[in-house]
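Q: I have just opened this one and have never looked at it before. Could you walk me through it, starting with whatever terms I need?

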Amino acid sequence: MKVSMDMELQDIPGQLVRALTPVSDLGGNILSVVHQRDKKTPAGRIPVRLVVEMDERRLDKLLALLVERGVNVVRTGEERLKESMVVLLIGHIVHSDLRETIDSIDRTGFAEVVALSLSMPGVNEESSASVTISAIGKTELHEALNILEQTAKRKGIMLISPI
Amino acid sequence: MEKKNRTVRITIIGFGYVGAGVTEVIHRKRAEIARRYGLTLNLVGIADLKGIFIDERGLDEAELLKLRTGEKEWERPGDMTSIDLIKEVEHEVMVETTPTNIDHGQPGLRHITTALESGRHVVTSNKGPLALAYTPLMELAKKHDRELKFGATVGGAMPLISLMRKNLAGNEVLSIQGILNGTCNYILTRMAEEGLPYEHVLKEAQEIGIAEADPAKDVEGTDTAVKLVILANSVFGLNATYKDVEVAGITAITSDALKLADDAGYVIKLIGEVTKAGCLKVRPRLVPKNDPLNVSGTLNVATIRTDLAGDITLIGKGAGPIEAASTILSDILSIYT
């Protein structure tokens, strides 16, 4: 599952690595780290938001390890795909490996194709599809769109995105 | 501000539908303009590939308009050319309305440089010279202390350029995004409303004169791209050329795609966008149905994003002889008022 975690780090060198090491040690996959140096807490600590894909049974262990290392964890929660966008694809969508096109988004970990509507007028004609992408945040959604744009370009598919 | 109660002598080079539109508008508005602005507009010469008419006391516009219907024949005094007319006939404003060529800008480019060098102000609807040589032309105008006005090159009747240059003075324009080609908008609107295929709607548009026999310039996005180049150079002071624009047209849009867009709450429009940072793109985009950019038929629209005023959206007729002439007339008057 995807977990988002708000942490507060001491403002001394090496703290971010110190906080991230236990995540990888427990087999977690770090999806995003937002390090807000300019938004210090009243106590002079630096807020960091971490999004991790990990086995939920190991979450308690992770929290214990972080506390041991002097990291304040102020909130944890399951991360949901909060931002969505519809894009259209026109071209040989199916015959250019639709599965791989979708996988290019899904494998990011921070975004997924959550809906697909396909219209195929004839065997050799171009198809049209609307694809709904969801992501854990605006930045990630934008990144997912970039990935899809590159995939579409490589496959000669026209991509139409919202203004 | 120049002195009032004066006569402004005008020539029109290029007597196609825009040139004729300007002629008609001058005829219709002469009395009103004299009363409101103290300016008497006097058409002293017109030139076209087919011939030339000159009268330093003023041509009869109603008579000239018969040239368009075939009720009057073209003439050519001696072997006079349009260049001779610009140089030799005394006038203040040369209106350049010959067809756009985006590869070399001719004959418009030669007409404009000759006019500025001969001390004429220039008002044009011709996109080619502006897109190819914006900076040198502006420098030439400055050197000769003349005005070069080109509002009619972008957005037809919408006063897009003058709005940004005059009325939004003090604001920083961050980006401009919109529909700048009425032909594409007509085709996409009809396809979406009737569920008809592209080829069918294109043919229909050609039959009613909205699309040209060779529609490539419009449907492949070239026309929009050239307009973006003019905006980039005139509003953002960039030194952009056509090659800097990333262009995709509407020829690949399917009626299925329009249906899918509709189901998701969008329409597909050919959107041109130019940013302060120099990003120029023409491509089909999804526009939410309730967005101000969702205008139908042949209408044009542009949203100007500014730092102080926020977003300002203009909607208007993008093409048509009288609409283009409206902007040309405003440009002429702005030289003197």
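Predicted model: local features only at pLDDT ≥ 70, side-chain atom pairs only at ≥ 80, totals over all residues.

Q: OK, so in the hairpin of strand 9 and strand 10 of chain B, which residue takes a positive phi?
A: That residue is B:Gly278, whose phi is positive and near 95 degrees, in a hairpin that has four residues between its two strands. Strand 9 of chain B and strand 10 (residues 280-288) of chain B are antiparallel and are joined over nine bridges, and one pair across them is B:Tyr266 with its bridge partner B:Pro288 in strand 10 of chain B.

Q: And is strand 9 of chain B mostly covered or mostly open?
A: Strand 9 of chain B, which spans residues 266-275, is mostly covered, with nine of its ten residues buried. Strand 9 of chain B also pairs with strand 7 (residues 173-179) of chain B, to which it runs antiparallel with four bridges, and there B:Ser175 has B:Thr275 as its bridge partner.

Q: What about the hairpin of strand 11 and strand 12 of chain B, which residue has the positive phi there?
A: In that hairpin, which has four residues between the strands, B:Gly310 takes a positive phi near 75 degrees. Strand 11 (residues 299-306) of chain B and strand 12 (residues 311-317) of chain B are antiparallel, with seven bridges, and B:Val301 is bridged to B:Ile315 in strand 12 of chain B.

Q: Let me step back a bit. What domains is chain B divided into?
A: Chain B has a domain 1, made of 6-156 + 321-336, and a domain 2, made of 164-317. The C-alpha centres of these two domains of chain B lie 28 Å apart.

Q: Switching to chain A, what order do the strands of its sheet take?
A: Four strands of chain A form an open sheet in the order 6-7-5-8, with antiparallel pairing. Strand 6 (111-119) and strand 8 (158-160) of chain A each have a single partner strand, so one side of each is left without a neighbour in the sheet. On average, neighbouring strands of this sheet are turned by 25 degrees against each other, direction ignored.

Q: How many bridges join strand 6 to strand 7 in chain A?
A: Eight bridges join them, strand 7 being residues 127-135 and the two running antiparallel, and A:Ser117 stands opposite A:Ser130 in strand 7 of chain A. Helix 4 (residues 138-155) of chain A lies across strand 5 (83-91), strand 6, strand 7 and strand 8 of chain A, at about 10 degrees to strand 5 of chain A.

Q: How many residues does each chain bring to the contact?
A: Chain A brings 14 residues and chain B brings 19. On the chain A side, strand 5 of chain A gives the most, with three residues, and by class that side has eight nonpolar, five polar and one charged residues.

Q: Last one: which residues have the most contacts inside the largest nonpolar core?
A: They are A:Leu88, A:Leu89 and B:Val229, in a core of 136 residues. Helix 10 (residues 222-235) of chain B supplies the largest share of this core, eight residues. Leaving out residues up to four places away in sequence, B:Val229 touches B:Ala131, B:Ala240, B:Thr241, B:Tyr242, B:Val245 and B:Leu280.

Notes
Residues numbered from 1 in each chain as written. Chains lettered and ligands numbered in written order. Pairing = 2+ DSSP bridges. Axes fitted to C-alpha atoms, helices over the stretch in contact; angles between N-to-C directions. Contact = placed C-beta atoms within 7 Å. Domains from an automatic or database assignment. Nonpolar A, V, L, I, M, F, W, Y, C, P; charged D, E, K, R; others polar. Core = buried A, V, L, I, M, F, W, Y, C linked by C-beta atoms within 7 Å. Buried ≥ 20, exposed ≤ 12 C-beta atoms within 10 Å, placed from the backbone.
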